[in-house]
Structure formats: structure tokens, C-alpha cells
Amino acid sequence: MRRLALILIALVVVLFVAALLLGPADTDPWQSLVALITREESLLGLVMYEIRLPRALLAVMIGASLGLSGAAMQGYLRNPLADPGLIGVSASAALGAVLAIQTGLAAAFALGLPLSALAGALVGVLLVLALAGPRGSSLTLILAGIVVSSLAAALTSLVLNLSPNPFAANEIVFWMMGSLADRSMVHVGLALPFMVMGWLLLGGVGRGLDALTLGEDAAEAMGINLMVLRLMVVIGTAAVVGASTAVAGVIGFVGLVVPHILRPFVGARPSALLWSSALGGAAMLLAADITVRLVLPSKDLKLGVLTAIIGAPLFLHLIHKVRKMSV
Amino acid sequence: MIRAHLRNMVLGGVIGLIAPLVATAQDAPDVRPKRVVSINLCTDQLAMMLADPGQLVSVSVLAREPESSAMADEALGWPINHARAEEIFLLKPDLVVAGAFSSQATVQMLRKLGLPVEVFEPALSLEDVSAAMTRMGAALHQDARAADQVAGFEARLAALREQVVNRPRAAIYYANGYSVGDQSLSGHILATAGFDNIAREAGIPVAGNIPLEVLALLDPDVIITGQRYPAASRSEEILDHPVVRHLQDARLRGTIADRDWICGTPHVLRAVEGLIGLRHDYEAVARGAGE
């Protein structure tokens with residue numbers, strides 16, 4: 001277990017440094033690092049501190065959030081298909097964010113954007129849980145997710161199409177596929193408080209999720225308050241997914257792929273899957289963001305494109321496995 | 001209902017037969033189009049400048065939008081259309097003028113319905129502005145008026161040109177980091193006003209996106225942005241990025257409204273004038289720093 005932790009941490013650190021050093025502008029790696037650490041008052045210092053650092057930080061924060069919330073939802077629903085992107089939580093958060101931007105709420109006060117996205121995410125989680133039920137089968141969960149995410153995506157498109165701003169309609173792609181392009185420290189500051197809250201809540205559910213693997217009665221007998229557990233998972237997920245989506249749009253499949261890959265290494269223990277998925281999610285999003293910057297630097301290739309290319313086949317594989325188990 | 005429709009068709013047919021006879025009897029050689037409809041922002045403006053009163057029947061809805069149209073007030077004098085084949089056909093035009101960016105489906109449909117459609121390519125240089133005016137003049141059979149306006153435009157443009165020794169390096173920076181290069185209308189206007197375009201250093205000949213960090217490291221002397229559009233968009237957020245703010249505070253900034261150089265019409269002279277003024281400001285600041 002400790003070896004896994006060390007490997008994942010090393011991976012995140014290496015990718016984080018690579019994300020800082022690689023970019024569309026050719027910069028000397030050593031000079032860049034010096035400029036960043038000394039917060040040099042040069043243009044290179046500006047580029048490092050105001051462009052690359054926030055982007056790399058957001059990749060870590062958002063990747064960790066998505067991995068963590070995926071692992072938590074899967075543990076709570078005891079279903080390997082639960083993923084905030086797949087079941088429509090991210091799409092509802094995007095609707096909340098778009099509403100905040102288009103109504104002027106985001107401009108009126110700074111926290112309007114993440115708060116509105118959080119509210120959207122909360123509505124999304126509650127809707128899916130209500131539709132699928134707390135112990136719904138994989139099928140009802142996915143169907144409920146499709147309903148919520150397609151409705152939220154349609155409403156997002158509608159709001160953007162109705163906007164008088166000529167750029168808004170083109171941004172549908174951003175909200176559906178996600179990107180970290182041109183984000184700044186302002187966005188780090190907007191997302192961080194909500195994410196920290198969500199991380200604390202989701203980080204605290206490990207014991208409860210472990211107990212839940214024995215069944216609800218056994219968990220209650222072990223002193224787990226299921227009501228509290230449920231509330232922590234719901235609010236924690238809404239907080240981290242809301243904050244992530246508000247600044248980077250919907251990035252799918254991270255919460256599905258990462259726990260799936262890491263599950264065998266932690267002996268399928270939900271509590272261990274939580275922290276390892278957070279690290280794994282951070283690594284995956286860093287790698288994806290480095291790739292989009294290297295492959296098509298001037299085109300702003302969306303992150304969701306990459307994560308879906310990796311995630312969709314895995315999703316197929318998972319469905320296949322789940323079907324075989326239920327037969 | 002059906003009977004009324006039939007009666008209209010019959011009457012329409014009869015009038016349709018008589019009308020050409022009357023026309024030929026009165027002014028035989030004049031084939032000047034009498035009902036012209038424009039469905040593109042740029043052809044709207046060219047047509048409004050060149051058409052006889054009553055010759056232009058309708059302009060597109062964009063012509064009235066002050067952010068994108070240089071003739072938004074004038075456009076109030078014409079009925080608007082939304083560039084949809086159905087409404088255009090019902091206006092019974094004898095000429096439709098469209099842009100190369102107009103919907104291909106609409107243009108094809110109108111042609112299939114037997115309407116002549118003239119498609120205008122977007123202007124990519126200041127010479128294209130004169131060419132477009134001449135062509136619109138020919139399409140509307142207003143050649144003399146067009147020649148007049150072309151001469152006026154070219155004279156005013158020639159008067160504006162100045163010898164510039166030290167050309168400042170300018171970046172045109174729009175929403176999403178979009179920029180335009182030398183082989184575009186805006187690029188030509190920028191060069192005419194005496195600037196070097198930083199897009200060349202970024203390897204952009206026509207148009208493309210300059211990543212924020214590339215912009216910062218190219219370190220332009222002047223940053224020129226567009227005006228903001230109503231309501232918010234994520235695309236325009238880049239103009240509030242701390243790096244753009246920092247560059248603008250440390251250097252000279254300018255704004256050229258989209259309406260002044262989005263279309264190749266004589267109104268681009270406003271953009272040329274605005275940019276020359278910006279260069280004079282830059283030279284004054286540079287001289288102040290040198291002393």
C-alpha cells in the first residue's frame with residue numbers, strides 16, 4: 001500500500017513539473033524554474049507564475065477532485081459505474097455555471113460562479129439518487145444519469161444559444177468537453193475553498209464505505225450513521241464537482257477510469273481507493289493536459305476529448321463485466 | 001381558402017404577363033435590378049451606400065447591430081431580413097446579394113428557386129475594398145456612383161498614409177486569443193497605419209490563435225483589442241487575464257471596434273485613423289521616455 005502511494009505521488013510530482021516546463025512557447029527549463037521560484041519580475045516570470053502554475057495547479061486539483069468523487073460515489077452506491085460525469089452531476093454543475101455567467105451573477109460577486117455550479121451539481125446528485133434510488137441497479141443508475149445529463153446539457157445549450165453574446169454559442173463545446181486553457185490564479189482561488197471542503201467531507205467517508213461493503217445492516221451495527229454518510233458523499237461530491245466544472249467545464253470519465261485501474265492494487269478497499277484515486281486522478285488530468293498542449297498547441301483541444309478516448313473503451317469493458325456478474 | 005389562393009395565382013399570372021409588356025414599352029434598355037435584397041452584413045453596407053432610393057428592399061438583421069455594423073443607424077431605414085430562404089423568396093427580389101459566409105444551403109435554395117444570387121468574397125486587403133465597391137456598383141447598375149465613391153475612398157486613404165521609420169510592434173488580440181495576420185483586411189489596415197504585426201513572429205499568416213504565453217514572451221509594444229459584446233462569455237475572459245492586464249498596463253493599449261474593420265467598406269478608414277492616432281500616442285510616449 002505504501003509502495004502504491006509512493007509511486008502515485010512520484011508520478012504526480014513528475015507530471016506537475018513537466019506541466020510547468022512544457023508549453024506552446026519554447027522556454028529554457030532551468031531558467032523557467034528559477035523565474036518561477038524567485039517570482040522574477042520578467043515576462044518569463046509572469047508566464048510561469050500567471051499562466052503555467054495556475055494551469056498545473058488546476059489540473060492537480062480538478063483531477064484529484066474527480067478521482068476522489070468517483071471513488072466515493074462508487075463506494076457509496078457499491079457500483080463501479082458511478083462517475084460524476086457519467087451520471088450527470090458534472091453536466092448539472094455546468095448548467096449552474098452557465099446560468100451564473102449569463103445572468104451576470106458571476107460578475108456581480110466573485111463566488112457566484114462556483115456557488116451556482118455547486119447548486120447545479122447538488123440538484124444533479126439528488127435527482128439521480130431520487131431517480132435511481134439508494135440501492136438502484138446499474139441499469140437504473142445509468143438511465144437516471146442519462147436523463148439528468150442530457151437534460152442539463154440541452155438546457156446549457158439553450159441558455160448559451162439565447163445569449164446576445166456572439167461567442168457564447170461556440171462555448172457549448174467548452175462546457176461539454178472541458179479545458180484548462182487561459183485559466184489564472186483567480187480561478188484557483190475561486191475553486192480551492194469549495195474543493196477543500198469537499199475533500200474533507202469525502203476524505204472522511206472511508207471508514208463508513210469500508211463498513212458498507214458488508215451491507216447496510218452490518219454497517220449500522222458497526223456504528224455508522226448511514227444518513228450522515230449519505231449527506232457527506234452528496235455534499236462532498238457536489239462541492240468538488242461544482243468547483244471543478246465552474247472553472248474547467250465538464251471533464252468526463254476521470255472518476256470512472258482511475259478507480260477502476262487502481263481497485264486491484266488496493267484490494268478493493270474503498271477507504272484506500274479514495275486517496276489513491278485522488279492521486280491517480282491528478283496524474284491522469286496532468287497527463288491529459290500536457291498532451292493537449294503538445295499535440296495541438298494553438299487549437300485548444302478539449303480535455304474531455306482525451307479522457308473520453310481513454311475512458312469510453314474502459315466503460316464498455318466495465319459494462320461487459322457488470323453484465324456477466326449479474327447473469 | 002383554396003379558391004382565394006387560386007384567384008391570386010391567376011391574377012398574379014395575368015399581371016405577370018402584362019407587367020413585362022408595360023416595362024418594355026416605357027424604358028427598354030434599363031435592366032437595372034429594382035428589388036435587391038442583401039443577406040450579409042458586408043453586402044448590406046455596400047448596397048446601402050450604392051443603391052438608389054427604393055432599389056434596395058431589405059438588409060440583414062446584423063446591419064442594425066451597433067457592435068458589428070458601421071451603418072447601424074442608416075440601416076433603420078430599411079426593412080430587415082434574417083437570411084432565410086423562405087422570407088427572401090417572399091420579398092420577390094430580382095437580385096440577392098450574399099457573402100461567402102452566408103449559409104450555403106440558403107444560397108443554393110434561392111438559386112434553385114430561380115433567383116439570381118451574387119456572392120461576395122470577404123475583403124482581405126484594402127484593394128479588395130475598392131474591388132468590392134466596383135463589383136456592387138456593377139451588380140446594382142450604379143457604376144458611376146461606385147466609381148465616385150472608390151475615388152473618394154482611395155484619395156482619403158492616400159492622404160492618411162505616412163512615412164514611418166520606427167514601426168511599433170502591435171498585437172491584435174481578441175476573444176479566445178484570436179489574432180489576425182498580414183494577409184487579412186485587419187492586417188493590411190494595421191500595416192497601413194504604420195505598425196508591424198506580431199502575428200508574423202507567431203507564425204500566423206492569415207488568422208489563428210496566439211497562446212497567451214506566446215503573446216507575453218513576444219512582448220508587443222501595443223495591444224489592440226476589440227470592444228466587448230453584451231452579456232458575458234468565457235471566450236472574452238482572456239482579455240481580463242492577469243497577463244493581458246499586465247501587458248496592457250505596461251504598454252500602450254488600443255481598441256478598434258469590430259464594426260470598423262469587420263467588413264471591407266470605406267468605413268475601414270475609421271480604423272486606419274484610429275490606429276494612426278494610437279501610433280502617434282506611442283511615439284509621444286517613446287519620445288518622452290527617451291528625453
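Leaving aside neighbours within four places in sequence, Ser277(A) is in contact with Gly67(A), Leu68(A), Ala71(A), Val258(A), Pro259(A) and Leu262(A). The model in which these contacts are found is a predicted one. Ser277(A) itself belongs to helix α14 of chain A, which covers residues 270-295. Its relative accessibility is 0%, and Ser277(A) therefore counts as buried, the limit for that class being under 20%.

From this residue the account may pass to the salt bridges. Over all chains, the structure holds 19 salt bridges. One of them joins Arg78(A) to Glu216(A), with 3.2 Å between the closest N and O atoms. This pair links distant parts of the chain, since Arg78(A) lies in the loop between α3 and α4 of chain A and Glu216(A) in helix α11 (residues 216-221) of chain A, 138 residues apart. Arg78(A) has a relative accessible area of 37% and is partly exposed; Glu216(A), at 23% relative accessibility, is likewise counted as partly exposed.

A further salt bridge in chain A is formed by the side chains of Arg269(A) and Asp210(A), at 3.7 Å from N to O. Here too, distant parts of the chain are linked: Arg269(A) is in the loop between α13 (254-262) and α14 of chain A, whereas Asp210(A) is in helix α10 (residues 206-212) of chain A, and 59 residues separate them. Arg269(A) is partly exposed at 43% relative accessibility, and Asp210(A) is partly exposed with a relative accessible area of 21%.

Because Arg169(B) lies in strand β6 (residues 169-173) of chain B and Glu201(B) in the loop between β8 (196-197) and β9 (207-209) of chain B, the pair ties together parts that are 32 residues apart in sequence. Arg169(B) is partly exposed, at 21% relative accessibility, as is Glu201(B), at 43%.

Another element of chain B to consider is strand β4 (residues 95-99). Five of its five residues are buried, so β4(B) is largely enclosed by the rest of the structure. Both of its faces are covered, with Leu95(B), Val97(B) and Gly99(B) buried on one side and Val96(B) and Ala98(B) buried on the other. β4(B) pairs in the parallel sense with strand β1 (residues 36-38) of chain B, over three bridges, and Leu95(B) is the bridge partner of Val36(B). β4(B) also pairs in the parallel sense with strand β5 (residues 117-120) of chain B, over four bridges; in that pairing, Val96(B) has Val117(B) as its bridge partner.

The two chains meet through 30 residues of chain A in contact with 25 residues of chain B. Between them they bury about 2400 Å², of which 66% is on carbon and sulfur atoms. Leu43(A), Phe167(A) and Asp182(A) supply 23% of the area that chain A buries against chain B, more than any other three residues.

Polar interactions also cross between the chains. There are two salt bridges between chain A and chain B, and Glu237(B) forms a salt bridge with Arg183(A), the closest N and O atoms lying 2.8 Å apart. Residue pairs in polar contact between the chains number 12. On the side of chain A that touches chain B, α3 (43-77) and α4 (89-103) of chain A each supply at least two residues. The largest share of that side, seven residues, comes from α3(A). The residues of this side divide into 16 nonpolar, nine polar and five charged.

Key
Residues are numbered from 1 along each chain as its sequence is written. Chains are lettered from A and ligands numbered from 1 in the order in which they are written. This is a predicted model: local features need pLDDT of at least 70, side-chain atom pairs count only at pLDDT 80 or more; totals for chains, interfaces and linings use all residues. Side-chain values use heavy atoms; hydrogens and water are left out. Contact means heavy atoms within 4.5 Å. Buried area is the accessible area (1.4 Å probe) that two parts lose on being put together, summed over both. A salt bridge is a side-chain nitrogen of Lys or Arg within 4 Å of a carboxyl oxygen of Asp or Glu. A polar contact is a pair of N or O atoms within 3.5 Å; within protein, one must be able to donate a hydrogen and the other to accept it, and residues adjacent in sequence count only if both atoms are side-chain atoms. Ala, Val, Leu, Ile, Met, Phe, Trp, Tyr, Cys and Pro count as nonpolar, Asp, Glu, Lys and Arg as charged, and the others, Gly among them, as polar. Buried means under 20% relative accessible area, exposed over 50%, partly exposed in between (1.4 Å probe, protein chains only). Two strands pair if DSSP finds at least two bridges between them.
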